[in-house]
Amino acid sequence: MQEYLQRAKDAKIELSQTTGKLRNDVLLQMAVALRAEYGFILEANAKDMEYAKGAGLSSAMLDRLLLDEKRISAMAASIKTIAGLRDPLGRVLEGWTLPNGLRIEKVSIPIGVVGVIYESRPNVTSDTAALCFKSGNIAVLKGGKEAINSNNAIAKAMSDVLESFSLPKEIISMLPDSSREGVMSLVKMDKYVDLIIPRGGESL
């Protein structure tokens, strides 16, 4: 875990040197990649659906988990929308001038390494990763165990795009230990992780 998070922390340096245009170009290519890899993603999702049905998940939970070509296209469209948002970095949020003429400004910067824990909705993987990347943050993702294959496939498609732009794949990654113990370890790693976001009510 420590070695994995150290690589994520190291990736902050290269990500901090990217421009808003480059991040948008990468995001647009990620949208293309999701559509291109839909067969691979659907194959992974079928494994999750089989497991979920065997585990007796409710029909509502199964519907949350299910992916099809239309839903993957919607995920790609969401990434394109994120790419089109205003760059959140480098914005002057507040400013004032001291009596001696010195100008002080509060400027938006990335948070750093962001760990996100969420439920079994595979689309959250692409949305969260894209939002983190757009804002210059490293995404360490932990989805519900029922969606592990789907999430890994989505994250791989996106991290492959990062590598095609000569960026570290660790900018977007799934937590390697998705057990409760792994999550507990993650939340204690404040030397490496700058923010933890728990999303949903059954993430652990």
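Visitor: What makes the crossing of α2 and α7 right-handed or left-handed?

Guide: The crossing of α2 and α7 is right-handed, where right-handed means that the near helix is turned clockwise from the far one by less than a right angle, and left-handed means that it is turned anticlockwise. The helices themselves are DSSP runs of H or I with at least four residues, while strands are runs of E with at least two, and both are numbered from the N terminus. Please keep in mind that this is a predicted model, in which local features need pLDDT of at least 70 and side-chain atom pairs count only at pLDDT 80 or more, while totals for chains, interfaces and linings use all residues. Residues are numbered from 1 along each chain as its sequence is written, and side-chain values use heavy atoms, with hydrogens and water left out.

Visitor: Why is α2 called oblique to α7?

Guide: The two helices pack at an angle of about 135°, with their axes 9 Å apart; axes are lines fitted to C-alpha atoms, for helices over the stretch in contact, and angles run from 0 to 180 degrees between N-to-C directions. Angles under 35 degrees count as roughly parallel, over 145 as roughly antiparallel, 65 to 115 as roughly perpendicular and the rest as oblique, and therefore α2 is oblique to α7.

Visitor: What is the relation between α2 and α6?

Guide: Their axes come within 10 Å and cross at roughly 165°, and α2 and α6 are therefore roughly antiparallel to each other. This crossing, too, is described as right-handed.

Visitor: Which residues of α2 and α7 meet?

Guide: V26, Q29, M30, A33 and L34 in α2 meet I154, A157, M158, V161 and L162 in α7, where contact means heavy atoms within 4.5 Å. On the side of α6, the residues S126, A130, F133 and K134 meet R23, N24, V26, L27 and L34 of α2.

Visitor: How do you know that T128 is buried?

Guide: T128, which is found in helix α6, has a relative accessible area of 13%, and buried means under 20%, exposed over 50% and partly exposed in between, with a 1.4 Å probe and protein chains only, so T128 is buried. Leaving aside neighbours within four places in sequence, T128 is in contact with V116 and L141.

Visitor: Why is N45 called buried?

Guide: N45 lies in helix α3 and has a relative accessible area of 2%, so it is buried. Beyond its neighbours within four places in sequence, N45 is in contact with L65, L66, L67, P122 and S150.

Visitor: How do you know that the span of α7 is close to the expected one?

Guide: The expected span is 1.5 Å times one less than the number of residues; α7 has 17 residues, and its reach of 24 Å from first C-alpha to last is close to the 24 Å expected.

Visitor: What makes a set of residues a nonpolar core?

Guide: Such a core is a set of buried Ala, Val, Leu, Ile, Met, Phe, Trp, Tyr and Cys residues joined through side-chain atoms within 4.5 Å. In the largest one, which has 49 residues, M30, L34, M158 and I171 touch the most other members, and α7 gives the most to this core, with seven residues. A second, separate core of five residues includes M49, A52, L62 and L65.
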